[in-house]
Amino acid sequence: DMRFFRESSDDPLPVSIAGIKLGDRVVMLGCSDPKLIAQLAVKTGLTGRACAVDEDARRTERAADVAPREGALIETVTTPWSSLPFEHNAFDVAIVRDVFGSVPSPQRIAAVGEVVRVLRPGGRCLVIDSVARAGLSGLLAKNTALADYDAVRTLETGAFRAVRLVAEREGLKFVEGVKENVT
């Protein structure tokens with residue numbers, strides 16, 4: 001197994017790309033990857049805040065169980081994507097993991113609106129979507145994203161600027177945008 005040869009200081013690709021710093025306030029939409037949630041939460045430290053949200057109670061419970069084992073402190077909430085229970089401008093960074101592509105357009109627009117609302121002006125949103133890999137594994141994997149979904153367009157229509165594809169590697173696609181500096 002190659003992971004044993006990797007230096008311990010190397011973070012997994014999604015953690016590196018997210019660029020979470022000590023003291024950051026982070027909200028994570030989508031609890032399908034609880035280990036990633038814990039790894040990101042660890043980066044915020046005791047001075048930061050890490051919240052994980054999902055519509056599926058089983059996923060939020062799993063994230064809540066995994067986090068302490070990974071040394072992370074997180075708050076978990078089960079709620080619809082369209083009504084996040086957080087105050088305006090509460091977070092510096094929003095990580096959206098495999099959410100926008102799985103919800104129909106009207107709910108997606110509402111969810112993006114909520115991300116915009118809870119991010120501070122100048123805050124970042126990083127969308128991490130699973131994508132089919134090339135080769136046989138790609139043919140066997142089912143693409144769960146809806147046909148009308150495009151992460152770049154989704155963020156651009158939601159008051160984000162400087163939206164760009166950051167990377168597409170290891171079966172993941174990373175798209176980032178910055179919230180406009182208007183309140």
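Q: Which residue in E5 does valine 96 stand opposite?
A: Valine 96 faces valine 127 in E5. The "E" names strands, which are DSSP runs of at least two residues, while "H" names helices (H or I, at least four residues), both numbered from the N terminus. Keep in mind that this is a predicted model, where local features need pLDDT of at least 70, side-chain atom pairs count only at pLDDT 80 or more, and totals for chains, interfaces and linings use all residues. Residues are numbered from 1 along each chain as its sequence is written, and side-chain values use heavy atoms, with hydrogens and water left out.

Q: How do you know that E4 and E5 pair?
A: Two strands pair if DSSP finds at least two bridges between them. E4 and E5 have six bridges, in the parallel sense, so they meet that cut-off.

Q: Why is phenylalanine 91 called buried?
A: Buried means under 20% relative accessible area, exposed means over 50%, and partly exposed is in between (1.4 Å probe, protein chains only). Phenylalanine 91 has a relative accessible area of 0%, so it counts as buried. You'll find phenylalanine 91 in strand E4.

Q: What does phenylalanine 91 touch, not counting residues up to four places away in sequence?
A: Contact means heavy atoms within 4.5 Å. Among the residues phenylalanine 91 touches are Val26, Cys51, Phe86 and Leu119.

Q: What makes E3 and E6 edge strands?
A: The open sheet has seven strands in the order E3-E2-E1-E4-E5-E7-E6, with mixed pairing. E3 (75–78) and E6 each pair on one side only, and that makes them the edge strands.

Q: How do you know that E5 and E7 pair, and in which sense do they run?
A: Seven bridges join E5 to E7, and these two run antiparallel.

Q: How do you know that the reach of H4 is close to the expected one?
A: The expected span is 1.5 Å times one less than the number of residues. H4 (residues 105–118) has 14 residues and reaches 20 Å from its first C-alpha to its last, close to the 20 Å expected.

Q: Which residues of H4 are buried?
A: They include Ala111, Val112, Val115 and Val116. What covers the buried residues of H4 includes strand E1 (25–29) and helix H6 (151–156).
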